[in-house]
Amino acid sequence: MTTILAFLFVLSLVVFIHELGHYLVGRWCGIGATAFSVGFGPEIVGFTDGRGTRWKISAIPLGGYVRFVGDMNAASAGNSEEADAELSEEERKQAFHNKSVLRRAATVFAGPFANYLLTIVILTMIFVLSGRTTIEPLVGDVREGSVAAEAGIQTGDVFVSIDGRRMKSFATVQRYVSPRADREIEATLSRNGTEYTVTI
C-alpha cells in the first residue's frame, strides 16, 4: 500500500508540474483556461479562481490536463469555426486555436520543459541532502624526518595513483596506505602540473 501511495504521489507531482507549465505559459500568451485537473474522471474536490479556471483533483490519479478556452477535446484539436460559434467575443480572443503558431507551440512545449526543470531541482536536492563531501588527495603537511619527507614529498603535492590504483580522495590514500605500513609502495604524485613517481 505504501508503494502504491508513493507512486501516486510522485505521479501526481509530475503531472501537476507538467500541466502547470502548460497553464502558466498559456496564460502568459493570452490563452484562457477553463479547467486545471490533476487526475481524470469525476471531480473529488476543487475551486474556481477569479479568472474562471476550475482547479480540481479528480478521481482517477493517472494523469491530468489543462482545458484551454475553445478546446474541443484533450488534444486541443477540432474545427475552429465550430468552436468559435459557441464562444463569446471575449472568449474568442482567449481561445487556444485563435492564437499564433508560436504562442501555441510555446504553450505545448512548456509542459515537458517544466518536467525538465523539475528533474534538475530534484537531482540538485538529492545531491545537496545526500551527497558526500570528499577531500582531494592533497598533501597538507609533511613532517620533518617522516617517511614522506625522506621520499621527497612536499606540501601541496597531489597523489595521482599508488601501485597503479587511482587515488580519488585523501580517504582513498589512507585506506590503501594504512594496512601496508611494512611494505614498499610506489606512488605517483603531481607537483605544479608535473607528475613524478617515488618508492616509499
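The model is predicted, with local features taken at pLDDT of at least 70, side-chain atom pairs counted only at pLDDT 80 or more, and totals for chains, interfaces and linings using all residues. Residues are numbered from 1 along each chain as its sequence is written, and side-chain values use heavy atoms, with hydrogens and water left out.

**Stop 1: the salt bridges**

Searching the whole structure turns up 2 salt bridges (a side-chain nitrogen of Lys or Arg within 4 Å of a carboxyl oxygen of Asp or Glu). Select Arg54 and Glu43 to see a salt bridge between their side chains, at 2.6 Å from N to O. This pair links distant parts of the chain, with Arg54 in strand β2 (residues 54–68) and Glu43 in strand β1 (residues 33–48), 11 residues apart. Helices (H or I, at least four residues) and strands (E, at least two) are DSSP runs, numbered from the N terminus. Arg54 is partly exposed at 27% relative accessibility, and Glu43 is partly exposed at 35%. For these labels, buried means under 20% relative accessible area, exposed over 50%, and partly exposed in between (1.4 Å probe, protein chains only).

Now select Asp157 and Arg191, a salt bridge whose closest N and O atoms are 2.8 Å apart. Here too distant parts of the chain are linked: Asp157 is in the loop between α5 (147–150) and β3 (158–162), and Arg191 is in strand β5 (residues 186–191), 34 residues apart. Color by accessibility and you will find Asp157 buried at 2%, while Arg191 is partly exposed at 25%.

**Stop 2: the largest pocket**

Next, show Val147, Ala148, Phe159, Val177 and Ile200, which are the closest to the centre of the largest pocket among its 20 lining residues. Its volume is about 570 Å³. A pocket here is an open set of points on a 1 Å grid over the protein atoms alone, where a 1.4 Å probe fits, with protein on both sides within 12 Å along at least five of seven lines; lining residues have an atom within 4 Å of a point. The volume is the space filled by probe spheres set on the points, which are joined across faces, edges and corners.

Highlight α5 and α6 (170–177), the elements that give two or more residues to this lining; α6 gives the most, with 4 residues.

**Stop 3: the nonpolar cores**

Select Phe159, Ile162, Val173, Tyr176 and Leu189, which are among the 12 residues of the largest nonpolar core. Such a core is a set of buried Ala, Val, Leu, Ile, Met, Phe, Trp, Tyr and Cys residues joined through side-chain atoms within 4.5 Å. The elements β3, α6, β5 and β6 (194–199) each give two or more residues to this core. Apart from it lies another core, of 10 residues, including Trp55, Val66, Phe68 and Phe96.

Then center on Ile185: leaving aside residues up to four places away in sequence, Ile185 touches Ile162, Asp163, Tyr176, Val177, Arg180, Val198, Thr199 and Ile200 (contact means heavy atoms within 4.5 Å).

**Stop 4: two positive phi angles**

Most residues other than glycine have a negative phi. Select Asp163, where phi is positive at about 50°. Asp163 sits in the loop between β3 and β4 (165–166) and is partly exposed at 35% relative accessibility.

Finish at Asn192, with a positive phi near 55°. Asn192 lies in the loop between β5 and β6 and is exposed, at 80% relative accessibility.
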